[in-house]
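Here is a briefing on one protein model.

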Amino acid sequence: MEDPKKLEEGFGNQKNNISEENIDTNRIDNNQDLASHENELKTLSQPLQKEEEEQPTIKKGKRVATLDAFRGLTIVLMILVDDAGGAYARIDHSPWNGCTLADFVMPFFLFIVGVAIALALKRVPKVSAAIRKVTLRTLKLLFWGIILQGGYSHAPYDLAYGVDMKVIRWCGILQRIALVYLIVALIEILTTKLRPTTLTPGHFSIFTAYKWQWLGGFVAFVVYMTTLYGLYVPDWNFQVKCGMRGHLGPACNAVGYVDRQVWGINHLYNQPVWARSKACTLSYPETGPFRDDAPTWCRAPFEPEGLLSSISAIMSGTIGIHYGHVLIHFKGHGERLKQWISMGFGLLIIAFILHFSDAIPLNKQLYSFSYVCFTAGAAGIVFSGFYILIDVLGMRIPFLWLEWIGMNAMLIFVMGAQGIFAGFINGWYFKNEDNNLVNWIQHHVFFDVWKSQRLGTLLYVIFAEITFWAVLAGILHRLGIYWKL
């Protein structure tokens, strides 16, 4: 296995190479220009390999541990809301408008992807090689995304594998990350010769220096908003009557219409969170039987990681790459924090104005512009808070477990968040499939002891899943073992 400091998320391989994580998370020397192109994208949030043409002698600088900790926090949130959200619906995805704890996970991933790209592509010695590596990484992400969320894997509770191609789901978490990563990274690569090595004085010089990246984000914004409000949505299956433009409700929005036309209704996510809405069930916000007068669209599929909403998600990656650029160009803690915090609060203010004025509501399913601003602003504030605690004040020990998870995030995403490891354990059962170790631990150690399935579920997720993966990640880090994508 490779040295942990040579790889990010297990993506590094050359002995003399400097991984994006080394540049970003491990080694940012305030006095020396680091050249790297491997990858700090050691999780779903960071898929990238560095250039083989690295500078051989680069002095080891101070590790910026915030990126690992932030990435680890995102993985922990995903496990928590995925596995405990059924018991605590208030932390599960919002049925439609609004933003819950679960709704921060995807934007946080995309934010840290953007930060990592800026550091990995600080220098691009050979454009063609960089494009080739980015493209290959994108294809790997798409492949794993379809395997894990397309229907082929039935883990952890169904021990069967395979998917009917007539109903395969083409979109998912890794697919969205792949698209955002590809677009943001290509813009960064193709504008290498247009960016300055030093900034001119001024608070906004960092924005003008990377105007092409912001132009890419603006194009995504225009395409999304134009389509969302301008595309005519006709009536569709499930006896849904539409015939309108600019509707932001569940039934007749352009986001769903685009996915039905591009992918086909049979290839969309068939358990949409809107089924927990007040219009669909009396059990709101929890899952329950449909109301007798529930609209027909309550039973219809909807793709939360669809095409049009993923175009909007490019803006999350664009904001993330801006934070990475600040990390590169501003050497002092105060200068970095001034840039980060001011932008974070600025985005939050924009989001509040748009949402509470009913102009553009917060909506994860549509990936609305207010949602982009709110979640990116929150990511920026959390990132800044981690930076102050970990890298400025040196309070690293309490966050080491998050760093360990962040260093092996792809492994924990696949094995933990996607249930592959639990599915493997469930495969060893006695007499019937329900009589397995995972179920035994849940019922006898947590449910029966605490006399509550709800509380027992939360404690199981915290101690049997999150704590387990944190300890395992620490052991793997100690051994220098990282999983390459």
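Helix H11 is mostly covered, with 17 of its 24 residues buried (buried is under 20% relative accessible area, exposed over 50%, partly exposed in between, with a 1.4 Å probe and protein chains only). This is a predicted model: local features need pLDDT of at least 70, side-chain atom pairs count only at pLDDT 80 or more, and totals for chains, interfaces and linings use all residues. Residues are numbered from 1 along each chain as its sequence is written, and side-chain values use heavy atoms, without hydrogens or water.

**Helices**
- Helices (H or I, at least four residues) are DSSP runs, numbered from the N terminus.
- H11 covers residues 369-392, and its 24 residues should span 34 Å at 1.5 Å a residue; the end C-alpha atoms are 32 Å apart, which agrees. The expected span is 1.5 Å times one less than the number of residues.
- H4 (residues 127-149) packs with H5 (residues 173-190) at about 170 degrees, and their axes are 8 Å apart. H4 is therefore roughly antiparallel to H5 (the term applies to angles over 145 degrees).
- Axes are lines fitted to C-alpha atoms over the stretch in contact, and angles run from 0 to 180 degrees between N-to-C directions.
- The contact of H4 with H5 has 19 nonpolar, 4 polar and 1 charged residues. Nonpolar means Ala, Val, Leu, Ile, Met, Phe, Trp, Tyr, Cys and Pro; charged means Asp, Glu, Lys and Arg; the others, Gly among them, are polar.

**Backbone geometry**
- Ala 155 and Pro 156 are joined by a cis peptide bond, with omega about 5 degrees. Pro 156 sits in the loop between H4 and H5.
- The bond from Tyr 284 to Pro 285 is cis, with omega near 5 degrees. Pro 285 is in the loop between H8 (254-262) and H9 (307-329).
- Asp 358 is not a glycine, yet its phi is positive, about 65 degrees. Asp 358 lies in the loop between H10 (333-356) and H11, and counts as exposed at 66% relative accessibility.
- Tyr 367, also not a glycine, has a positive phi near 50 degrees. Tyr 367 lies in the loop between H10 and H11, and counts as buried at 0% relative accessibility.

- Of its 22 lining residues, the closest to the centre are Pro 196, Thr 197, Thr 198, Ile 328 and His 329.
- A pocket is an open set of points on a 1 Å grid over the protein atoms alone, where a 1.4 Å probe fits, with protein on both sides within 12 Å along at least five of seven lines; lining residues have an atom within 4 Å of a point.
- The lining of the second largest pocket has 9 nonpolar, 7 polar and 6 charged residues.

Conventions: Helix = DSSP H or I, 4+ residues; strand = E, 2+ residues; numbered from the N terminus. Parallel < 35°, antiparallel > 145°, perpendicular 65-115°, else oblique.
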